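Please read it alongside the sequence and the coordinates.

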Amino acid sequence: MTTSTDSTPFAALLARCAPEWDAYCRHAFVRGLAAGTLPAEAFRRYLRQDYLFLVHFARAWGLAVYKSRTIAELRQGLDSLKTIVDLEMGLHVDYCARWGIVEAELDALPEARETMAYTRYVLDAGHRGDLLDLHVALAPCLVGYADIARWIETQASTVRGPANPYEAWIAMYASEEFQAAARAERDWLDARLAGQTAERLDGLASTFRDATRLEIDFWQMGLDGA
């Protein structure tokens, strides 16, 4: 997954974090999703906390609006914020209901330490830095889920269709709509990473690596919850 011949600036950043990226994208949680063998309670634990993550993800895009310096950046941040609040939150609530998790339960959830660590790290990266710092901290989620879905589709052990209880999850992130959003984010990052100094790229790679490590912890949280 990290051996692409693509020589874009984002691909170069990704290559610097190859061990963490592979550990994230090929985590036991992901393999369980692909094979349909992930314990149901592990997935429910993940779904509950992912709802809280979405709340803070929306806050991060609100911060992106604030950090924007052009109309195009403002529109991008606002569109992402509105998509999460007006669409994704509702879809997530509906999907949770299919797993026996009602909205009232989601609203009363305490945050897991892993959720707090990850979401606050992303927000802190945005507060400390500029819009590029924030996007780099967010990238393991958006770009990562797209890469994970593509990887799942290539595995011989993957089970698709009704036999896999996680088919809807896989299909959502493998969809052309989500893949297009991830490609757009890669293009945005490529344009802004190009021409950065070596020192600046070192800092951005550190941010990306740490955010990826926190994504690994988020998967592990689900497994531990089972």
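**Basis and helix axes**

Axes here are lines fitted to C-alpha atoms, for helices over the stretch in contact, and angles run from 0 to 180 degrees between N-to-C directions. Helices are DSSP runs (H or I, at least four residues) numbered from the N terminus. The model is predicted, with local features needing pLDDT of at least 70 and side-chain atom pairs counted only at pLDDT 80 or more, while totals for chains, interfaces and linings use all residues. Residues are numbered from 1 along each chain as its sequence is written, and side-chain values use heavy atoms, with hydrogens and water left out.

**The crossing of α1 and α10**

Helix α1 (residues 9-16) and helix α10 (residues 176-193) have axes that come within 7 Å and cross at roughly 90°. The two are therefore roughly perpendicular to each other, a class that covers 65 to 115 degrees. Where they are in contact (heavy atoms within 4.5 Å), P9, F10, A11, L13 and L14 of α1 meet R186, L189, D190 and L193 of α10. This contact has seven nonpolar, no polar and two charged residues, where Ala, Val, Leu, Ile, Met, Phe, Trp, Tyr, Cys and Pro count as nonpolar, Asp, Glu, Lys and Arg as charged, and the others, Gly among them, as polar.

**The pairing of α4 and α7**

For helix α4 (residues 40-67) and helix α7 (residues 113-128), the axes come within 10 Å and cross at roughly 5°. These helices are therefore roughly parallel to each other, the term for angles under 35 degrees. Residues making the contact include F53, H56 and A60 of α4, together with T119, V122 and L123 of α7. By class, the contact has seven nonpolar, six polar and three charged residues.

A cavity is a set of points, on a 1 Å grid over the protein atoms alone, where a 1.4 Å probe fits but cannot get out, and lining residues have an atom within 4 Å of a point. The count comes to one cavity of 30 Å³ or more, and the largest cavity has a volume of about 40 Å³, the volume being the space filled by probe spheres set on the points.

Its lining consists of F53, H56, F57, A60, T119, V122, L123 and L138. The largest share of this lining, four residues, comes from α4, and the lining divides into six nonpolar, two polar and no charged residues.

**Salt bridges**

The whole structure holds 16 salt bridges, each a side-chain nitrogen of Lys or Arg within 4 Å of a carboxyl oxygen of Asp or Glu. One of them joins E105 and R48, with the closest N and O atoms 2.6 Å apart. This pair links distant parts of the chain, as E105 lies in helix α6 (residues 103-107) and R48 in helix α4, 57 residues apart.

Notes:
Angles under 35 degrees count as roughly parallel, over 145 as roughly antiparallel, 65 to 115 as roughly perpendicular and the rest as oblique. On a 1 Å grid over the protein atoms alone, a cavity is a set of points where a 1.4 Å probe fits but cannot get out, and a pocket is an open set with protein on both sides within 12 Å along at least five of seven lines; lining residues have an atom within 4 Å of a point.
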